Structures are given as structure tokens and as C-alpha cells.
Amino acid sequence: MTPIAVLGNGRVGGNLAAALTRAGHEVTVADRAPGAAADAARRARIVINATPGAGSLERLVALREELRGKILVDVSNATTDGPDGLPADLIHPGSSLAERLQEALPETHVVKTLNTMLFPVMTAPDTLTQPPTAFLSGEDPQAKQTVRELLTDLGWHKEWITDLGGIRTARATEAAILFVPHVIRTTGFTPFAISIAR
Ligand SMILES: NC(=O)c1ccc[n+]([C@@H]2O[C@H](COP(=O)([O-])OP(=O)(O)OC[C@H]3O[C@@H](n4cnc5c(N)ncnc54)[C@H](OP(=O)(O)O)[C@@H]3O)[C@@H](O)[C@H]2O)c1
């Protein structure tokens, strides 16, 4: 049982928190109430960022002390929205939110994952017609191993998890958000994941 803080209680945060609790972890969910994120992060070993990507850098840097020595699992996408409310463009072109977080929080192990799928897939990967991919990006092998184990708890088969390498590889998975509005306009909100087929 790992103490986990989930920042954000929306579609992603709520879904991940429920599934991780079912898997036996001790999960605290922080909403936007003042101090909630700091309290939850202080008590956790793993902190999951499930808040909007646009303000994530500022919000997480404010938690520098609470995040020191912890694993920060970033599942967010930092985008500007189009007039239809769907993601339209990257906020960190030529870089990524994950890289910016790792630079700003050198004593925290940032691992990017699960940002390349609609939220129901994160906790039910075996419900798609083809095996999906969960990508991992991060500098610390031990932190990535811990996140792999969390993914396994969420139902991810080992062979569906692809470690792309260092945190710089997150710029590839974060750029995959550019597919999302077009896929949704074509096939609606049917769950899908951007995956590698072999
Ligand atoms: N939805 C997906 O399928 C999906 C898939 C992959 C990645 N993501 C990423 O996951 C993140 C969360 O997405 P979501 O769909 O769960 O969004 P959501 O349903 O809108 O939930 C966002 C959560 O963050 C909270 N929040 C918003 N602004 C905040 C602030 N300034 N301080 C603290 N908390 C704040 C919201 O609180 P309030 O309810 O009070 O506003 C809500 O609990 C985003 O970065 C998104 O890009 C989403």
C-alpha cells in the first residue's frame, strides 16, 4: 500500500483515485481548496498531477518543498483550447510541461505517463479492441519502475508499457494531444489511446 496524493478531482483525478483505492492504495484527493494540494502532497510518496496543464507548472512549483524526494506522476496536457473547448495547441512547443517541471523541481522525480488516451482507458486498458500503449518518460529508473507497478495495479499488462527514455521524450507524447480534437470530431468520445502497433 503506497500513500498517493491525486491533485485534481475531475474526470482523470476521480477515476484514477477510485481505481488506485480499489487496488489497495491509500489515496488522498486534493481539490482546489487552499492548502489541500500541499496537505495531500506532504503525506504522499507519489503525487499525481491531474489538474489542467495550463496552470500546472505554477501550481506544482508552489509545492516544491512538499514534492522534494517524491515521485510526481504527470498525466496532464498543457494546451490552449479552441472555440469548441477541445485542445488546439501546445503551450510548450519545442519542449514539454514534463521537462519544464523536471527543470523547476530537480529534487523531484517527474514521470510522464497516461496522457495519450481518454481517461476511461487509464483504468480499464483491456476494454479496447486492440492493446493500448502506456508510455513512460522520466530520468529516474527506480521512479519509473514504481510507476510501472502502479500501472500494473490499474490493469496494464507489462508488454503494453513502453519506456521511451528520459524526460525529454515527453515532448513526443505531449505532442500526441494534437491528434485528440480531430479523433473526437471524427469518432466522438469513444475511448481510445494513441498506441504503437507492431
Ligand atoms: N479527460 C481526459 O480524457 C484526459 C486524458 C489525458 C490527460 N488529461 C489531462 O488530465 C488533466 C485533468 O483533466 P480532466 O479531464 O480530469 O479535467 P477536469 O475534469 O476539468 O478536472 C480538472 C480538475 O482540476 C481541478 N482544477 C482546475 N483548476 C485548478 C486550480 N487552479 N487549482 C487546483 N485544481 C484545479 C478542477 O477543480 P474544479 O472542479 O474545482 O474546477 C478539477 O478537479 C488535464 O491536464 C488534461 O489535459 C485528460
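The model is a predicted one, in which local features need pLDDT of at least 70 and side-chain atom pairs count only at pLDDT 80 or more, while totals for chains, interfaces and linings use all residues. Residues are numbered from 1 along each chain as its sequence is written, and side-chain values use heavy atoms, with hydrogens and water left out.

I begin with the pockets. A pocket here is an open set of points on a 1 Å grid over the protein atoms alone, where a 1.4 Å probe fits, with protein on both sides within 12 Å along at least five of seven lines; its lining residues have an atom within 4 Å of a point. The largest pocket has a volume of about 1,200 Å³, a volume being the space filled by probe spheres set on the points, which are joined across faces, edges and corners. Its lining consists of 45 residues, and Arg 11, Val 12, Ala 50, Thr 51 and Pro 52 lie nearest the centre. Among the elements that give two or more residues to this lining are helix H1 (11–22), helix H2 (36–43) and strand E5 (79–81); helices (H or I, at least four residues) and strands (E, at least two) are DSSP runs, numbered from the N terminus.

The second largest pocket holds about 210 Å³ of space. Its lining includes Leu 128, Pro 131, Phe 192 and Ile 196.

I turn now to the ligand. Which residues are closest to the ligand? They are Asn 9, Val 12, Arg 32, Thr 51 and Phe 119, out of 19 residues that surround the ligand, each with a heavy atom within 4 Å of it. An oxygen atom of the ligand lies 2.8 Å from a polar backbone atom of Asn 9. For Phe 119, the distance from a polar backbone atom to a ligand oxygen is 2.8 Å, and for Asn 77 it is 3.2 Å.

Next, helix H2. Its buried residues (under 20% relative accessible area, with a 1.4 Å probe and protein chains only) are Ala 36, Ala 38, Ala 40 and Ala 41. These residues pack against strand E1 (3–7), strand E2 (26–30), strand E3 (46–49) and helix H4 (64–67), with contact taken as heavy atoms within 4.5 Å.

Finally, Thr 113 sits in the loop between strand E7 (109–112) and H6. Is Thr 113 buried or exposed? Thr 113 is buried, at a relative accessible area of 1%. Its side chain reaches the backbone oxygen of Phe 135 at 2.7 Å. Not counting residues up to four places away in sequence, Thr 113 touches several residues, including Val 73, Asp 74, Leu 136 and Leu 151.

Technical notes
Buried means under 20% relative accessible area, exposed over 50%, partly exposed in between (1.4 Å probe, protein chains only). A polar contact is a pair of N or O atoms within 3.5 Å; within protein, one must be able to donate a hydrogen and the other to accept it, and residues adjacent in sequence count only if both atoms are side-chain atoms.
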